[in-house]
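Let's walk through this model together, moving from charged pairs to the ligand and then to the backbone. Keep the viewer open as you read.

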Amino acid sequence: MTKLWGGRFTKETNKLVEEFTASIEFDKELALEDIQGSMAHVQMLSDCNIIPKDDAKTIQHGLQVIQNKINAGDVEFSVAHEDIHMNIEKLLIDEIGPVGGKLHTGRSRNDQVATDMHLYLKKQTEMIISLLTEVQSSILIKSKENVETILPGYTHLQRAQPVSFAHHLMAYFWMFERDKERLQDSLKRINWSPLGAGALAGTTFPIDRAQTASLLGFDKIYPNSMDAVSDRDFIVEFLSHASLIMTHISRLSEEMVIWSSQEFQFIELDDSFCTGSSIMPQKKNPDVPELLRAKTGRVYGNLVGLLTVLKGLPLAYNKDMQEDKEGMFDTVKTLVGSLKLLAPMIHTMTVNETKMYEAVSKDFSNATDIADYLVTKGLPFRQAHEIIGKIVLYAINQDKYLLGLTLDEYKEFSPLFAEDIFKLLHPKHVVGARKSEGGTSFEQVESQLALADKLLYDAVPSS
Ligand code: ARG
């Protein structure tokens with residue numbers, strides 16, 4: 001089969017080399033972006049009188065026919081034409097004849113592929129931002145239902161202080177909010193147009209880069225053609241933001257695995273989100289959060305993979321850069337799939353308020369509050385801490401909790417104790433007392449929810 005670049009060659013390409021160097025198996029994912037980029041390029045060539053207007057119309061019509069065929073699943077790409085760019089160019093020439101060969105005037109696959117990647121990632125990033133909003137919204141709904149649901153808050157996975165379940169869940173809302181901000185910010189750089197950079201040094205044709213940029217919805221053009229064709233920072237950035245999102249997803253998933261265990265029983269995942277065991281009939285396994293936790297691995301891998309590909313590459317384009325694609329596609333697929341599952345999984349889980357409350361009633365998570373009590377009576381916090389430590393040890397030896405001790409027992413440790421201590425020790429009071437800004441008191445949680453509501457629902461829609 002003759003190659004589009006065959007002029008300089010006297011021998012056929014070795015079959016194994018052809019397969020090894022081809023990217024069509026994966027970059028066919030960019031077909032529509034490639035056509036979009038070509039449409040803008042040919043329009044500009046025509047407007048700048050670089051090719052005749054009639055030729056441009058024929059090419060645009062041909063590209064449209066090919067796009068329709070692709071959408072209908074009606075084209076066969078070939079490894080012999082290496083990648084999506086040359087496959088589409090070949091299809092075009094087959095469709096409209098030699099005039100199709102004018103499309104590549106003043107352009108190289110190097111600025112072409114970079115343009116495709118920018119267009120692709122722009123679309124995916126916008127979609128991922130909206131999926132993150134759906135996850136946030138399902139967290140917000142669950143949180144609103146659980147402001148007064150109390151469970152132990154943990155540090156070191158040891159019971160620390162009781163908190164509102166809404167407060168715990170909302171911590172993830174803010175993680176995803178920052179993730180969205182990062183993605184939003186990355187769009188500024190995704191929105192640079194590399195088109196018109198040529199192979200690396202620009203072109204001799206009087207092209208109009210501003211026109212193609214604006215036709216494609218980019219708001220800036222790369223000021224340096226060498227940077228334009230060799231920049232993959234925007235992909236690294238995406239993979240890195242995706243890694244952090246997966247970190248957040250995996251932390252939440254881990255909590256769901258723990259909370260739904262027999263030992264905790266704080267939540268129950270909906271049957272439709274669990275699977276059974278082929279041998280143990282009693283099992284209901286949290287496979288979905290387990291896999292969400294595990295999928296983080298491949299997303300990190302893709303980030304490290306691309307950083308490694310780029311490290312030490314001289315300017316400008318190198319074939320190494322073709323390796324930027326599979327990891328990026330895989331990350332998009334993994335992230336989109338994960339976010340689509342996460343929202344309904346949160347939405348459908350049931351919260352076992354009784355079990356959570358039992359857990360806070362049978363622990364010492366109110367110990368800080370008795371220390372604070374002694375502090376309000378004038379004792380330095382450090383001394384109060386020491387006294388309460390002794391009381392806790394005493395209670396453990398007596399097989400009791402702090403609410404189970406008598407006032408006389410308390411007075412053995414400090415004369416400052418009075419009857420009012422007992423009402424302070426109830427979990428609800430302990431939670432309600434943490435009124436500092438951003439704390440877990442019910443009022444603070446309510447104002448956090450109001451803030452989140454405003455962020456999600458009052459945002460001015462971008463036109
Ligand atoms: N398939 C190539 C890639 O993805 C397109 C650019 C090829 N450029 C070249 N000079 N061989 O990177």
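Glu-443 and Lys-435 meet through their side chains in a salt bridge, with 3.7 Å from N to O; the term stands for a side-chain nitrogen of Lys or Arg within 4 Å of a carboxyl oxygen of Asp or Glu. Glu-443 is partly exposed, its relative accessible area being 48%. Here buried means under 20% relative accessible area, exposed means over 50%, and partly exposed is what falls in between, using a 1.4 Å probe and protein chains only. Before going on, please note that this is a predicted model, in which local features need pLDDT of at least 70 and side-chain atom pairs count only at pLDDT 80 or more, while totals for chains, interfaces and linings use all residues. Residues are numbered from 1 along each chain as its sequence is written, and side-chain values use heavy atoms, with hydrogens and water left out.

Side chains of opposite charge can pair when their charged atoms come close. How many salt bridges does a search of the whole structure find? The search gives 28. One of them joins Lys-319 to Glu-82, with the closest N and O atoms 2.9 Å apart. Lys-319 sits in the loop between α11 (287–310) and α12 (325–348), and Glu-82 in the loop between α4 (53–71) and α5 (84–96), so this pair ties together parts that are 237 residues apart in sequence. The helices named here are DSSP runs of H or I with at least four residues, numbered from the N terminus. Lys-319 is partly exposed at 36% relative accessibility, whereas Glu-82 is buried at 10%.

Another salt bridge links Asp-185 with Lys-188, where the closest N and O atoms are 2.6 Å apart. Both residues belong to helix α7 (residues 165–190) and are three residues apart, about one turn of the helix. Asp-185 is partly exposed at 29% relative accessible area, and Lys-188 is exposed at 52%. Returning to Glu-82 and Lys-319, salt bridges with shared partners join these two, Asp-83 and Arg-109 into one network.

Asp-83 and Arg-109 also bring us to the ligand, since the residues surrounding the ligand include both of them, along with Ser-23, His-85, Tyr-317 and Lys-325; a residue counts as near when one of its heavy atoms lies within 4 Å. On the oxygen side, an N or O atom in the Lys-325 side chain is 2.5 Å from a ligand oxygen. The protein covers 86% of the 340 Å² of accessible area that the ligand has on its own, by the Shrake-Rupley method with a 1.4 Å probe. Helix α6 (residues 109–145) supplies the largest share of the shell, three residues.

Finally, look at the backbone. Most residues other than glycine have a negative phi, and most peptide bonds are trans. The peptide bond from Leu-315 to Ala-316 is cis, with omega near -5°, and Ala-316 is in the loop between α11 and α12.

Notes:
Helix = DSSP H or I, 4+ residues; strand = E, 2+ residues; numbered from the N terminus. Polar contact = N/O pair within 3.5 Å; in protein donor to acceptor, adjacent residues only side chain to side chain.
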